[in-house]
Every structure is written in structure tokens, then in C-alpha cells.
Amino acid sequence: MRDLLGKTIRHAAIAGLALGALVAVSVGAQAGDMVKKIAVLVPEQGTDYGWNQQGVDAARAVAEKYGLEFLPAEGLGYGDVRPTLRELADEGASLMIAHASGYNTAAPEIAQETGVPVAIVDKPDGLVAGLVGDYTLSGHDGAYLAGMLAAKMSRTGTVGIVVSGEPPSWNSQSAGFAMGVRATGMGTQIVYAVIGPAAYGDAAGGRRVTESVISAGADVIFGQGNGSSFGMIQAVETTKAVDGGKAWFIDVIGDKTGLDKGHLLSSVLWDMIPVYSAMVEDLNSGKFGTVGYKIGLADDSVRLLKTKHIPDDIWESLMKVRQQIIDGSVPVAEVYDAEDVRALMTSVEAPAAE
Amino acid sequence: MGGLFTETFVASLLFGAVTVGIPLLLAGLGEQISEKSGVLNIGIEGMMLIGAYGGFVAAYYTGSFWLGFLAGGISGMVVASLMVLFCVILSMNQIVIGIALTIGAEGLTALLHHFQFSRSYPRLSEAPSLDIPGLNDIPVIGPAFFERHPLVYLSILLVVFVAWLFRRTHIGLNLQAAGDNPAALDAAGVDVKLTRAGAVLTTGMLAGIGGAFMANVGAGIFVPFMIHGAGFIGIVLAMLARGNPYWVLLGAALFGASLALTTALQVAGLNIPTDVVQMLPFAMVIVVLVLFARHSYLPPSLALPYHRGER
């Protein structure tokens with residue numbers, strides 16, 4: 001009887017060990033390849049030379065980098081994306097990147113419902129370990145350089161900021177731009193105008209407001225706004241500055257050099273590949289949803305576009321400041337609140353000491 | 001910041017107000033015609049969007065703004081013909097079909113734009129203007145109102161024409177009867193469905209021209225989703241106008257002026273939340289609604305399909 005009991009215990013122990021090993025191997029394999037398919041949802045087509053295109057292109061590049069299946073969902077608009085999220089989850093997406101601040105209510109809900117991790121934007125306090133990650137991207141340090149460039153290139157002493165909404169990412173860039181203008185100590189005025197509440201695709205509004213800002217004296221426009229930025233460009237191309245000369249445009253996120261008719265001064269370029277790569281790696285290592293993701297000058301995920309219109313001496317001075325920002329000797333504050341941004345605009349009227 | 005309010009700046013604001021107001025005026029007039037006949041045309045946003053796309057394509061390839069507006073009007077009518085088919089002929093729910101048409105138009109134009117223009121984003125040149133001698137020299141007002149594309153003047157004249165049409169013609173009476181008492185109109189020997197179909201097609205044409213104006217004159221470019229609710233504002237203006245085209249003109253002017261004012265307040269550096277400033281045009285519409293809605297007149301048969309012999 002004791003023999004039988006000992007045998008049973010031994011067999012049970014061996015079976016337990018084998019089962020444990022099997023489970024461990026299985027879990028390890030799952031953790032190692034947790035991400036198989038990566039989906040990205042964007043409100044407009046990924047061909048806007050801006051926010052949507054950068055998001056889609058970066059997700060595609062990350063899918064290729066890690067050998068993942070890529071599931072793009074473009075042109076979804078700014079309405080309810082819950083059905084699309086559910087569909088992508090059904091298709092087996094391992095990560096759904098909801099690439100619009102307007103999606104950051106629906107996406108976490110669907111993540112809870114389906115168990116598929118989502119990445120949302122502009123909601124840094126919305127993290128849920130393993131389920132919801134946030135990337136509140138800001139090129140504020142790049143915008144700071146753009147502000148310095150605008151002040152140095154302005155003939156009228158007035159520059160303009162036109163935005164199609166006030167999401168945190170753009171607020172911080174508007175603020176960075178204003179701080180850059182101030183840093184030159186040239187007493188440059190800043191005219192700030194928002195096209196409308198979430199007027200991201202309002203090209204006609206972009207043109208109308210930009211024309212007014214140029215008429216108010218601005219000869220350099222820092223424009224932020226998906227589809228509406230094409231209206232801003234149209235305004236810059238067809239409206240003369242108050243001194244009768246050319247108006248300049250500084251874009252954000254993408255590179256519109258291929259569309260330029262001679263008015264594109266620069267762009268604060270964003271590269272989201274490092275961010276999406278980090279998401280995939282964090283999912284695989286079980287850290288997803290515990291930290292937010294950022295971009296910056298140091299790894300060139302934020303950089304200022306060099307065009308032929310920027311004089312070499314100005315460019316060199318900007319690159320020196322860039323290095324100082326990376327070193328930390330020139331701090332650029334991150335300002336995300338719209339009210340703080342506006343306060344910064346009005347205070348710019350007083351010339352800042354160099 | 002007071003120094004920013006130069007003659008050039010104020011003229012630019014007024015110029016922008018007129019540019020915003022014209023598509024709203026055309027959409028509002030179109031909606032008014034449709035509603036008068038008893039068809040609630042929720043699909044006007046989609047008609048404007050298709051009109052914007054068709055109008056831009058025509059203007060871009062032919063170089064003619066006029067052909068652009070013509071194509072915009074025809075494009076709007078094509079969408080309106082679907083409204084006629086489903087709502088007037090097949091008596092389906094006007095609100096559901098209207099929403100479906102708008103969503104369909106958004107998807108279709110986004111897709112067409114993707115294949116045709118999404119790598120090149122072509123822009124049109126500045127719209128040609130017809131200067132009114134003597135008036136265009138008036139400071140501030142002159143450049144804003146009297147150095148415009150001829151379609152602006154025609155749109156204003158259209159208000160007078162529609163008012164005349166409503167009050168002085170059999171067509172106006174038939175439209176009114178189709179919305180008020182379609183059975184009576186039918187008894188008088190007038191085809192109710194034909195009357196409504198004509199009204200809806202006219203709405204489509206005006207909405208399409210309005211959309212083409214937005215793309216060709218307002219933006220100089222077509223981008224997906226660019227109508228941005230102008231069609232829905234047109235519906236509100238039509239409802240507020242109580243069947244009077246002059247009220248549509250007033251509402252469109254009010255909305256355009258409010259939008260210009262929002263820009264002015266922001267440029268002035270007013271340290272109040274932008275959301276509050278941006279709310280102004282919509283608040284203005286709500287205030288007008290509160291003040292005048294109780295007097296607003298909607299045809300008793302609005303949104304109701306007509307079936308011959310049905311009581």
C-alpha cells in the first residue's frame with residue numbers, strides 16, 4: 001500500500017513538473033510573440049502629409065520591422081469608431097492604435113470589452129496596465145526652434161499661429177513656438193487664432209482665418225491642422241503680407257516640400273516609429289500601459305525641416321540652440337493647457353530680454 | 001493689440017464673412033424650397049460635399065470657375081435624385097435617407113480624393129472678381145462686398161428671385177400646397193410627387209453650387225469632410241427663416257459675421273477661453289432660435305410621404 005502511495009506521489013510530482021514546464025514554455029512563447037497584428041485607426045486618409053500619414057506610415061514601418069500583419073483603417077472621420085474597433089479586434093489585432101484624440105473615449109471602452117490593447121493619444125492619465133497606453137506627442141522643442149526661425153525671418157515684426165483645434169499636442173507646440181519667438185528678444189508680436197472647435201478638416205476655415213491673420217500683419221504663419229492646413233497654405237500662397245512681400249508657412253508633423261509653391265519655410269517634423277516600436281516591445285515584455293510615450297529632438301523623432309529658403313547663418317544658429325535644448329541648457333517647458341498658451345501669446349507683446 | 005485693427009484687417013474679416021455666408025445662403029435657400037414642398041432634406045450636407053468635389057474637379061481640369069459651379073450643381077442634383085427616388089417616389093423615411101446620403105457622400109468623396117488627389121493636393125488660383133465701379137473704392141466695405149466673384153452677386157439676387165417665386169407664381173403656390181396640404185394640391189390636378197421632386201432637385205443644385213463655392217472660392221482646394229457642418233447650419237437657417245428667403249440671407253450674414261468676429265476677438269488677444277469665442281456663431285443661432293422659434297412655421301406635411309387617396 002505504501003509502495004502504491006509512493007508511486008502515485010512520484011507520478012503526480014512528475015506529471016505536475018511536466019505540466020508546469022509545459023505551461024511555462026507556453027506562457028513564455030506567448031509573451032515573446034504577443035503582438036502578431038498591429039492596427040491603426042486614423043480619421044482622414046493617410047496621405048495628408050501630416051498627422052494621419054505619419055501615423056499610418058509609422059505603423060506600417062513598425063509592422064515590417066517586427067514582421068507583423070498590418071491592419072490600417074483610414075478615413076474614419078471624427079465620429080463613433082466603436083464598430084471599427086470591434087471589427088479590428090475580431091480580425092485578431094493584437095494592438096489597436098487609435099490615432100486621434102477624438103477616439104480616446106471609445107478605444108479604452110472597446111479595449112475593456114474585447115481585451116485587445118489600445119493606444120490612445122492626448123490622455124496621459126488614461127493608462128491601464130496591459131490594456132491602454134497613451135502617447136501624448138509634442139514637438140514643443142522643435143516648435144521652439146520654429147519660433148526662433150519665424151522671428152528671425154519676419155519682416156513685419158509680427159508672426160501668426162493658426163490652429164484647427166486646441167488638443168494638448170498642438171497647445172504645447174503653440175507655446176513652444178511662442179517661447180522661441182520670445183527667446184530671440186526681437187519684440188516680435190504673435191497673433192494667435194483657432195479656426196474652430198475640432199476644425200481639423202475645415203480647409204475653407206483654414207484659409208479664411210489665415211488670410212485674416214496675414215492681414216493683421218503676420219508674414220510668417222505657424223500652422224497646425226490636418227486637412228485644414230491646405231487651406232492655410234492656399235492663403236499664404238494667395239495673400240501678400242502687409243508689406244507687399246511674400247508670406248511664409250511653417251508646417252507641422254509632415255513634410256510638404258513636394259507640394260510647395262515657394263512659401264514653405266520649414267516644418268516641425270515628427271517621426272512616430274520609435275513610439276510605436278516601444279509599444280510593441282512593451283507589449284511583448286508586459287510593460288504596456290504603465291508608461292506614456294514621447295518624441296523629442298535628441299533621437300531626431302522631432303526635427304526642423306531645412307528648406308532652401310532658410311539662410312545658412314540662421315540655420316546654424318538654430319542648430320546650436322537645438323544642441324543646447326538636448327543638453328538641457330535651454331529648457332523648453334511643456335505647456336498643454338489652452339489658457340496657459342493664450343496667456344503666453346499676449347505676454348509676447350513685451351519684448352523679452354535675450 | 002489695437003494697432004492690429006487696420007483697414008486691411010477689418011476688410012479681410014468682412015471678406016471672410018461673405019465667403020462663409022454664400023454657401024450657407026445657397027444651402028439655406030435650397031433647404032427652404034425643399035421644406036416648403038414637404039421634404040425635410042437632411043442629406044444637404046452630402047449634396048454640398050459631392051458638389052464641392054465635382055465642382056473642384058471641373059474647375060481644376062478646365063480652369064473655369066463657372067464650369068466648376070455648373071458641375072457642382074449637377075453633382076448635387078445627382079445626389080438629390082437619390083433622395084427623390086427613395087423619399088418622394090418610394091416614400092422612405094426622409095431623415096434616415098438624408099443621413100445615409102451624407103455618410104455615403106463622405107465616404108465616396110474621401111475615396112475619390114484618395115485615388116485622384118491625395119499625392120498632389122492641387123490648388124486653384126485666386127477666384128476672378130467682378131469689381132463694381134464706384135462701390136469697390138469704398139474703404140473697408142468695397143473690397144469685402146464689391147470686389148467679388150460674380151456668383152456672390154448672383155446669390156444675393158437669387159434671394160429676391162426666390163421670394164418672388166414663393167409669393168407671385170403658381171410654382172410657389174404649388175410648393176406651399178405640397179407641404180401644407182398635398183391632398184388638396186393633388187385634387188387640384190397638380191402632381192404632388194413631381195412638385196416635390198422638382199423642389200428636391202433644385203435643393204441639390206443649390207447645395208452643390210454652395211459646396212463648389214466652398215471648395216473653389218472659399219478654400220481653393222478640395223479635402224475630404226471639408227463641408228464641416230455647413231449643410232446642417234443651412235437646415236437651421238431654413239427652419240428659422242419661416243419660409244422667408246430674406247431671413248435666410250439675414251441668418252447667413254449673421255453666421256458669417258459671427259465667425260469673422262470670433263477671429264477678430266482672438267487676434268485681439270482677448271484672454272478668454274477660445275471655446276467661448278468659438279461658441280459665438282452657434283450661440284447666436286440658438287439665441288435667434290429661442291427668440292423666433294415659437295413663431296417659426298413648418299409645413300404640416302413636412303417629412304411625411306404622400307400617398308394618393310390616403311387620409
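This is a predicted model: local features need pLDDT of at least 70, side-chain atom pairs count only at pLDDT 80 or more; totals for chains, interfaces and linings use all residues.
Trainee: OK, how many residues of chain A are in contact with chain B?
Mentor: On the chain A side there are 41 residues in contact with 35 residues of chain B, where two residues are in contact if their C-beta atoms, placed from the backbone, lie within 7 Å.

Trainee: And which elements of chain A supply at least two residues of that side?
Mentor: They are β7 (189–194), α7 (203–215), α8 (228–238) and α11 (338–347) of chain A, and α7(A) gives the most, with 10 residues. Helices (H or I, at least four residues) and strands (E, at least two) are DSSP runs, numbered from the N terminus.

Trainee: What does that side have by class?
Mentor: The side of chain A that touches chain B has 17 nonpolar, 15 polar and 9 charged residues. Here Ala, Val, Leu, Ile, Met, Phe, Trp, Tyr, Cys and Pro count as nonpolar, Asp, Glu, Lys and Arg as charged, and the others, Gly among them, as polar.

Trainee: Switching to chain B, how many helices and strands has it?
Mentor: Chain B has 12 helices and 2 strands, and from the N terminus on its elements run α-α-α-α-β-α-β-α-α-α-α-α-α-α. The radius of gyration of chain B, taken over C-alpha atoms, is 20 Å, close to the 19 Å that the globule rule gives for 311 residues, so chain B is as compact as a globular protein of that length. The globule rule is 2.2 Å times the number of residues to the power 0.38. Along the principal axes, the C-alpha atoms of chain B fill a box of roughly 70 × 45 × 40 Å.

Trainee: How do α1 and α11 of chain B pack?
Mentor: Helix α1 (residues 7–36) and helix α11 (residues 245–267) of chain B pack at an angle of about 145°, with their axes 7 Å apart. Axes are lines fitted to C-alpha atoms, for helices over the stretch in contact, and angles run from 0 to 180 degrees between N-to-C directions. The crossing of α1(B) past α11(B) is right-handed; a crossing is left-handed if the near helix is turned anticlockwise from the far one by less than a right angle, and right-handed if clockwise. By class, the contact of α1(B) with α11(B) has 18 nonpolar, 7 polar and no charged residues.

Trainee: What about α3 of chain B, how far does it reach?
Mentor: Helix α3 (residues 65–89) of chain B has 25 residues and reaches 34 Å from its first C-alpha to its last, close to the 36 Å expected at 1.5 Å a residue, the expected span being 1.5 Å times one less than the number of residues. Just after α3(B), Ser91(B) takes a positive phi of about 55°.

Trainee: Back to chain A, what phi does Asn226(A) have, and where is it found?
Mentor: Asn226(A) is not a glycine, yet has a positive phi of about 20°, and it is found in the loop between β8 (220–224) and α8 of chain A. Asn226(A) is buried, with 30 other C-beta atoms within 10 Å.

Trainee: And Asp300(A), buried or exposed?
Mentor: Asp300(A) is exposed, with 11 other C-beta atoms within 10 Å. Asp300(A) lies in the loop between α9 (273–285) and β11 (302–304) of chain A and has a positive phi of about 60° although it is not a glycine.

Note on methods
Residues are numbered from 1 along each chain as its sequence is written. Chains are lettered from A and ligands numbered from 1 in the order in which they are written. A residue is buried if 20 or more other C-beta atoms lie within 10 Å of its own, exposed if 12 or fewer, and partly exposed in between; C-beta atoms are placed from the backbone.
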